[in-house]
Amino acid sequence: MTAAKILIADDDRAIRTVLSQALGREGYDVRTTDTAGTLWQWVRDGEGDLVITDVVMPDDNGLDLIPRIKKVRPELRILVMSAQNTLLTAVKATERGAFEYLPKPFDLRELVGAVERALSQPHDGSAATTAAEDDERLPLIGRSPAMQEIYRVLARLMGTDLTVMIYGESGTGKELVARALHDYGKRRTGAFVAINMAAIPRELIESELFGHEKGAFTGAQARSAGRFEQAAGGTLFLDEIGDMPLEAQTRLLRVLQEGEYTTVGGRTPIRADVRIVAATHRDLRQMVRAGEFREDLFYRLNVVPIRLPPLRERAEDIPELVRHFFRQVGGEGLPTKTLTAEAMAYLRNHTWQGNVRELENLVRRLAALYSQEMIDVGVIRSELAEAPGEIASGARLPTATPGGSLGESVERHLRDYFAAHKNELPASGLYERILREVERPLIELTLAATRGNQLKAAGLLGLNRNTLRKKIRDLDIEVVRGLK
């Protein structure tokens, strides 16, 4: 049999040499070039059984070349490699018809394996979907190997309706991943609807999910659409699915099995036209063994599991995340800041129990409460010091100096905040922003003290229980029951 011919386009001579030697040892006929134009000419002339192309080349973009190749040679498999290791690159490569996306630097064994799969797997003949040309705002930040693997998985899922289960500690960005699956997926024109199972009273979960009819129960004065109905044609994100009561699990399982549901008090079945993405910080397999989560529902939801790494496993992403959050708060009217090299090194070595959310909260405090433009390691060390007010999410109450009151501490921080704006005023909405800064840690610490018991927490705070639940939802507060 004639050896398969592989066409390689990359402007880096070292990469061309390494690939040519590695694939040559495997018995392939390899031809290389440093321009997209030459690659296009070879393809147009009918050469090659497989294409391996870089994205950025001197005369063209490899991603733009994919649809042109697919138009004249739809059967030709294309592997894309790129140092632009972002989710958008992976998504665009996949949407435009690439067989595989490989972030640089890559493992040669992995590339050889991708070549073997591309040449051996039958072609389905389907046309590639052309991606949008404009670069949208990146939904996920980080170029670490751990994030690269997530980007590759997400890119493959964008064109499907497969149910996804996202695992990760609190603050790792589970909802951001769910939103990315929606915003870049086939249901992007539909609604993205999220519901946090931990924040909904057990007796109201079914009504929240499926809606209810007028008179279905006391207080139901009108028909109400549930989250399944609101998300019709789009994506339903079931956050903290491990906190769903067993009775509601049974009803959800029935919907997933039959593809339809009825409202509480209703009789007419409604088709469930949604993509389900679920998330949890808990070990669902352990919950199944303990009889706390239905095994059949677990397998229905766990079609494609994705584990989000904690921030301590991808510390190399911290500088990029810090820059991203500073740009974000700058867009909200807060002054821009930079960190010294020593301060950034200290961040990379921190344990980050609250993960990305803790880091974001820190950046917001630095932007709002410190007057200096360059933040040194002393400030970082002080902010991250273990203190009674510190909690897992990274939000904490201002710590008063010895002999000072909480009010005095807040006043001191606010003086620094106004001073940081020099002769200008902060962005409008200051009252709500400051209240939110204090309200979130107050509620989180109270919930921690009451071991997640919302009724006790409401009593301790002097709030109506429904008011507390609304604040938990609005502030996106993690509720963990049975904390020690």
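Trainee: Before I look at any side chain, what is the mean pLDDT of the protein, and what share of its residues reach 70 or more?

Mentor: Where pLDDT is low, the predicted coordinates should not be read in detail. Here the mean pLDDT is 84, and 88% of the residues reach 70 or more. Over residues 125-136, however, the pLDDT is below 50, although this stretch has 18 contacts in the model beyond near neighbours in sequence. Residues 387-403 also have a pLDDT below 50, and that stretch has 47 contacts beyond near neighbours in sequence.

Trainee: How many helices and strands does the protein have, and what percentage of its residues are buried?

Mentor: The secondary structure comes to 20 helices and 14 strands, and buried residues make up 49% of the 484 residues. Of the contacts with a separation of 6 or more, 71% are between residues 24 or more positions apart. The accessible surface comes to about 23,500 Å², with 50% of that area belonging to carbon and sulfur atoms.

Trainee: Which residues of α10 are buried, and what do they pack against?

Mentor: The buried residues are A248, Q249, R251, L252, L253 and V255. They pack against the helices α8 (205-210), α9 (227-230) and α12 (295-301), and also against the strands β8 (235-239) and β9 (260-261).

Trainee: Turning to charged residues, how many salt bridges does a search of the whole structure find?

Mentor: Side chains of opposite charge can pair when their charged atoms come close. The search finds 33 salt bridges in this structure. One of them joins E47 to K5, with the closest N and O atoms 3.5 Å apart. Because E47 lies in the loop between α2 (36-44) and β3 (50-54) while K5 lies in strand β1 (residues 5-9), the pair ties together parts that are 42 residues apart in sequence. K5 counts as partly exposed, at 24% relative accessibility.

Trainee: What does the salt bridge between R156 and E100 tie together, and is E100 buried or exposed?

Mentor: The closest N and O atoms of R156 and E100 are 3.0 Å apart. R156 lies in helix α6 (residues 145-157) and E100 in strand β5 (residues 100-103), so this pair links parts that are 56 residues apart in sequence. E100 counts as buried at 7% relative accessibility, whereas R156 is partly exposed, with a relative accessible area of 48%.

Trainee: Where in the structure do R440 and E444 lie, and how far apart are their closest N and O atoms?

Mentor: Both R440 and E444 lie in helix α18 (residues 430-449), four residues apart, which is about one turn of the helix. They form a salt bridge whose closest N and O atoms are 3.4 Å apart. R440 is buried, with a relative accessible area of 13%, and E444 is buried as well, with a relative accessible area of 9%.

Methods: Residues are numbered from 1 along each chain as its sequence is written. This is a predicted model: local features need pLDDT of at least 70, side-chain atom pairs count only at pLDDT 80 or more; totals for chains, interfaces and linings use all residues. Side-chain values use heavy atoms; hydrogens and water are left out. Buried means under 20% relative accessible area, exposed over 50%, partly exposed in between (1.4 Å probe, protein chains only). Helices (H or I, at least four residues) and strands (E, at least two) are DSSP runs, numbered from the N terminus. Contact means heavy atoms within 4.5 Å. pLDDT is the predictor's confidence in each residue, from 0 to 100. Accessible areas come from the Shrake-Rupley method with a 1.4 Å probe; for residues, only the protein chains shown count as cover. A salt bridge is a side-chain nitrogen of Lys or Arg within 4 Å of a carboxyl oxygen of Asp or Glu.
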